[in-house]
Amino acid sequence: MTRIGYRHILRAEFTKTLTLRSIQATLTAALIVPAALALASGLAFDPARGAQFPLESHGFETAGFGQPLVILLAALITGTEYLDGQLRTTLIATPRRGRVLSAKLLIVAVLSAVIGWVGIGASVFIKHAALGEHGLALDQFKAAMGWNLLGVGINYALIALIAAGITIIARTFIVTLVVLVPLVLGITISLVSVIPLLKYLPDLAGIQLLMPYPGVGVLEPLPGGIVMTLWAIVLGGIAWAFFRTRDTPTS
């Protein structure tokens, strides 16, 4: 009976997520924008200038452009109900707030990971196809590229959970966008050589899950993923406490 109840909550949250036009638009953009950038980059490639990064990393450079959209998606999924008071209705209909929140976070993580795997996977194929003889054929793809793609999905899921946690704590997605989007767009990576501790911030900790950044002074993929996970757990725990106590139907 309990499991059936949770499936109902999960289905309801998933339905709400996919029926909001803002979320539909963000999902579409998160899948299309990296692929479009990969195509443009591949067509504009000048072999005389040489490659800026290893051949097997082509296409993965677009993952950084998908991150802001994943952050926006997570913020919308967890923050939209605060805008119109819909959260009160949700909590009255489903008083077990822990299950509501876990359903939201599960949807955030799964959708974000799928965006990473599908969107960036498509970007890699498109980029190498656009490169023509300068790219890799399908039978030349390396196992390391598969691991890189797995890392992208993990990074997207973790940064989305971090964004969801901040949104719930602040009760608005504006704070999330103001805090996280400038970070993933490059503010911290330009300063990490001056302030090494910045490599432990959530945006930089797992950056090498997206693609290799040799010589920049950031964490390797595994320790970086662990640091990102710790950020997600801490912020998620605080958000859970707030959601269960502060965010009541009468608040």
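Guide: Helices here are DSSP runs of H or I with at least four residues, strands are runs of E with at least two, and both are numbered from the N terminus. Axes are lines fitted to C-alpha atoms, for helices over the stretch in contact, with angles running from 0 to 180 degrees between N-to-C directions. This is a predicted model, in which local features need pLDDT of at least 70 and side-chain atom pairs count only at pLDDT 80 or more, while totals for chains, interfaces and linings use all residues. Residues are numbered from 1 along each chain as its sequence is written, and side-chain values use heavy atoms, leaving out hydrogens and water.

The part to look at is helix α5, residues 97-131, which packs against helix α6, residues 143-170, at an angle of about 145 degrees, their axes being 8 Å apart. Just after α5, G132 takes a positive phi of about 65 degrees.

Turning to aromatic rings, F125 and F141 form a stacked pair, 5.3 Å centre to centre with 25 degrees between the planes; rings of Phe, Tyr and Trp (its six-membered ring) pair if their centres lie within 6.5 Å, and planes under 30 degrees apart count as stacked, over 60 as edge-to-face and the rest as tilted. F125 belongs to α5 and F141 to the loop between α5 and α6, so the pair ties together parts 16 residues apart in sequence. By this rule the count comes to 1 aromatic pair.
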